[in-house]
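Keep the sequence and the 3D view side by side as you read.

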Amino acid sequence: MNEKIAKSVSKFLSLVLRHSPETIGLKLDENGWADVEELILKCNKKGSQNQMTAELLDYVVENNDKKRFAFNEDKTKIRASQGHSISVELNLAETEPSEYLYHGTVGKFMESIRKEGLKKMSRQHVHLSKDKETAIKVGSRRGIAQILKIKSGEMFKDGFRFYLSENNVWLTDEVPPKYIEFN
Ligand code: HQG
C-alpha cells in the first residue's frame with residue numbers, strides 16, 4: 001500500500017466522519033456511524049482524489065497511526081473514534097484517569113488558557129493524553145509545543161467526567177485553570 005495514498009484517505013475520512021459528511025452527501029447516525037457501502041459509493045461519486053475501495057478502507061482502519069477510525073462488529077459501519085466537531089453520541093464509558101494527563105498547545109494560546117482554562121473550542125471535547133510525548137506531537141502541529149500538566153486525578157475527585165476513546169485519547173468537557181500546571 002502506498003503510504004501517501006493511505007494518509008490522504010485518512011485525512012479525507014477525518015473530514016467526512018468528524019466534521020462535514022455533507023461534503024459528499026453522507027449522513028452519519030446519532031452515534032457517528034456511516035454505512036460503509038454508502039461511504040464508498042459517495043466517495044467515488046464526488047470524485048475524491050482517491051478511488052475508494054473496501055480494501056483501501058480496511059487498510060486505513062487497520063494501519064492508521066492513531067487508529068482514528070473503527071468498524072462496527074460486522075464491518076458494515078465505520079466511524080471516527082474521536083475528534084468530532086459535529087455533535088455525535090459516542091457512548092463512551094466514564095473512566096477514572098491517572099493522577100496527571102497532558103495537553104499539548106502553543107504559546108499564542110497560553111494567555112487565554114491561563115484565564116479561562118482549556119475549552120473544547122470547535123470539537124466535542126478537550127483532548128488529553130496519558131503521556132507527554134503524545135502531547136508534544138499534538139502541540140507541534142501548530143508550532144513549538146507547550147506542554148500543560150493536568151491534575152486529572154483531582155478533577156475526577158471533584159466530579160469532572162473523563163472518557164477514554166477507543167483509540168486511547170482522554171476526553172473531558174473542560175479544564176478550569178486551577179487544575180493546570182503551567183511551567
Ligand atoms: C487550544 C488531533 C485559547 C488548544 C490531535 C488547541 C488531538 C485554547 C486548540 C486532537 C483554549 C484547539 C485534538 C482557550 C484550548 N483559549 N486556546 N481557552 N482552550 N485551546 O485541534 O487538542 O490527528 O481542537 O490548546 O492529535 O490540538 O486530528 O484540539 O491548541 O488528539 O486525529 O485550542 O486532534 O488528532 O485545537 O487536538 P483542536 P487539539 P488527529
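Leucine 17 counts as buried because it has 25 C-beta neighbours inside 10 Å. Here a residue is buried if 20 or more other C-beta atoms lie within 10 Å of its own, exposed if 12 or fewer, and partly exposed in between, with C-beta atoms placed from the backbone. Before going further, please note that this is a predicted model, in which local features need pLDDT of at least 70, side-chain atom pairs count only at pLDDT 80 or more, and totals for chains, interfaces and linings use all residues. Residues are numbered from 1 along each chain as its sequence is written.

Where does leucine 17 lie? Leucine 17 is part of helix H1; helices (H or I, at least four residues) and strands (E, at least two) are DSSP runs, numbered from the N terminus. Setting aside neighbours within four places in sequence, leucine 17 is in contact with Ala34, Phe69, Arg79 and Ala80, where contact means that the C-beta atoms of two residues, placed from the backbone, lie within 7 Å. Glutamate 96 is 79 residues from leucine 17 along the chain, and their C-alpha atoms are separated by 27 Å.

Now turn to the sheet. Three strands form an open sheet in the order S1-S3-S2, with antiparallel pairing; two strands pair if DSSP finds at least two bridges between them. Strand S1 (34-35) and strand S2 (69-71) stand at the edges with a single partner strand each, so one side of each has no neighbour in the sheet. Helix H1 (residues 3-19) packs on this sheet and touches S1, S2 and S3, its direction making about 90° with that of S3. These axes are lines fitted to C-alpha atoms, for helices over the stretch in contact, and angles run from 0 to 180 degrees between N-to-C directions. S1 and strand S3 (residues 77-80) run antiparallel and are joined by two bridges; aspartate 35 has lysine 77 in S3 as its bridge partner.

Helix H2 (residues 36-45) comes next, with Leu39, Lys42 and Cys43 buried. Seen down the axis of H2, these buried residues fall within an arc of 105°, so they line one face of the helix; the arc is that of the directions from the helix axis to the C-beta atoms. They pack against S1 and S3, while the face of H2 turned away from the buried side carries the exposed residues Glu37 and Lys45.

Strand S4 (residues 101-106) pairs with S6 in the antiparallel sense over six bridges, and tyrosine 102 has lysine 149 in S6 as its bridge partner. S6 is also joined to strand S9 (residues 180-181) by two bridges, again antiparallel, and there the partner of lysine 149 is glutamate 181. In a regular strand the side chains alternate between the two faces of the sheet.

Finally, step back to the whole chain. The chain is divided into domain 1 (3-80) and domain 2 (101-182), with bounds from an automatic or database domain assignment, and the C-alpha centres of the two domains lie 27 Å apart. Along its principal axes the C-alpha trace spans about 50 × 30 × 25 Å.
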